[in-house]
Amino acid sequence: MSAPQVKVRTGVPGFDSVISGGFRRGKTIVLSGPPGSGKTTFGMQFLYFGAKDFDEPGIFVTLSQSPDEIKNDFKSFGWDVQKLFDDGKMIIIDARPFKMEDGFIALDESLYRGESLPFMHLTQLILSSIKRIGAKRLVIDSLTVLGMQYTNSFYTRRGLQGMVHTLEDQQCTSLLVSEENKTDKTPFEWHVVSGIVLLHHVRKEDTMERAIQVIKMRGTKHSEQIFPIKLTESGLQIIHPRIVP
Ligand SMILES: Nc1ncnc2c1ncn2[C@@H]1O[C@H](COP(=O)(O)OP(=O)(O)OP(=O)(O)O)[C@@H](O)[C@H]1O
Ligand SMILES: [Mg+2]
C-alpha cells in the first residue's frame, strides 16, 4: 500500500476543499490569469500562511516587482511579514533581469547568461536558499518573465523540467505564476507541471467578477466547477455556500 499523501494547505479560505485538502507536497503548480486577477496575492498568501500557521518557510522569487514593493503589498493585506523575514522563515530573491546603476536602468543578466541549461543559475540559487532556511514553499513571479530571458523554446522546456525536478526532489511545493495565455497554443509549462489553477477577472454588466478554476491537479480528485472568489483587504477567499474556509 502506498504512503498517504501529505497535503499542503494553500492559505486561501475555501480553496483546499476544491482540491481534496490542499496541494500535494513537493509538487509544482502553475497559477495563471489576466492582470490584476490576484496571482501575486495568491502567491503571497500561500507563503505567508505557510510560514505563520504551518511552520513551512517560504521563498518569493520576483522577476517584476521590487522586493520593497512586495513587502509593502504583504503589509497592505495586514500580513505582518517582518517577523517572518527577521526569523528567516521567509526570503525574497530578486531575480529581475535589470538593475539600477547610478540612477539609470541597466541590464543584469548575471543569472541568465552563459548557461548550458536555461534556469541553471537561478535553480542553483533557489536550491542554496531552500537549504539555508529549510524552505518548504516557493513562488516564482513570474515564469512568463523568466521564460522571456531565453530564445530557444526546446532548451527552455528542458531547463524548466530540470528546475521542477530539483524542487520536487527538495519536497518544496511551488507556485509558478504565469500570465494569461490568449492564444490557441497550450503553454509548454502546462505539460511540465503537476497542477494548473486559473484565476479569472471578467466583466459582468457594469462590474468585474473574479473566479478560480482548477484545470488539472495530478493525483488529486478536484472539482470541475468555476468558483466565485473575492479579493479583499484580507486577501483571496472562495465564496460558495457549500465550501467551508
Ligand atoms: N490591500 C488590498 N486590499 C484589497 N484589494 C487589494 C489590495 N491590494 C491589491 N488588491 C486588489 O488586487 C489587485 C492586484 O492583485 P495582484 O497583484 O495579486 O494581481 P496579479 O494577477 O498579480 O496582477 P499582475 O498580472 O498585474 O501582476 C488590485 O488590482 C486590487 O484589485
Ligand atoms: Mg502580479
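**View 1. The residues around ligand 1.** Of the 13 residues around ligand 1, the ones that come nearest are Lys39, Thr40, Thr41, Ser76 and Glu233 (a residue is near a molecule if its C-beta atom, placed from the backbone, lies within 6 Å of it). Helix 2 and strand 12 (227-232) are the elements that give two or more residues to this shell, and helix 2 has the largest share, with three residues. Helices (H or I, at least four residues) and strands (E, at least two) are DSSP runs, numbered from the N terminus. Sorted by class, the shell has three nonpolar, eight polar and two charged residues; here Ala, Val, Leu, Ile, Met, Phe, Trp, Tyr, Cys and Pro count as nonpolar, Asp, Glu, Lys and Arg as charged, and the others, Gly among them, as polar.

This is a predicted model: local features need pLDDT of at least 70, side-chain atom pairs count only at pLDDT 80 or more, and totals for chains, interfaces and linings use all residues. Residues are numbered from 1 along each chain as its sequence is written, while chains are lettered from A and ligands numbered from 1 in the order in which they are written.

View 2. Helix 2 is mostly covered, with 12 of its 15 residues buried (20 or more other C-beta atoms within 10 Å of a residue's own; exposed is 12 or fewer, partly exposed in between, with C-beta atoms placed from the backbone). Among the buried ones are Phe42, Met44 and Leu47.

**View 3. Arginine 157 and its contacts.** Look for arginine 157 in helix 7 (residues 153-169). Arginine 157 touches Phe188 and Val192, leaving aside residues up to four places away in sequence (contact puts C-beta atoms, placed from the backbone, within 7 Å).

Methods
Contact = placed C-beta atoms within 7 Å.
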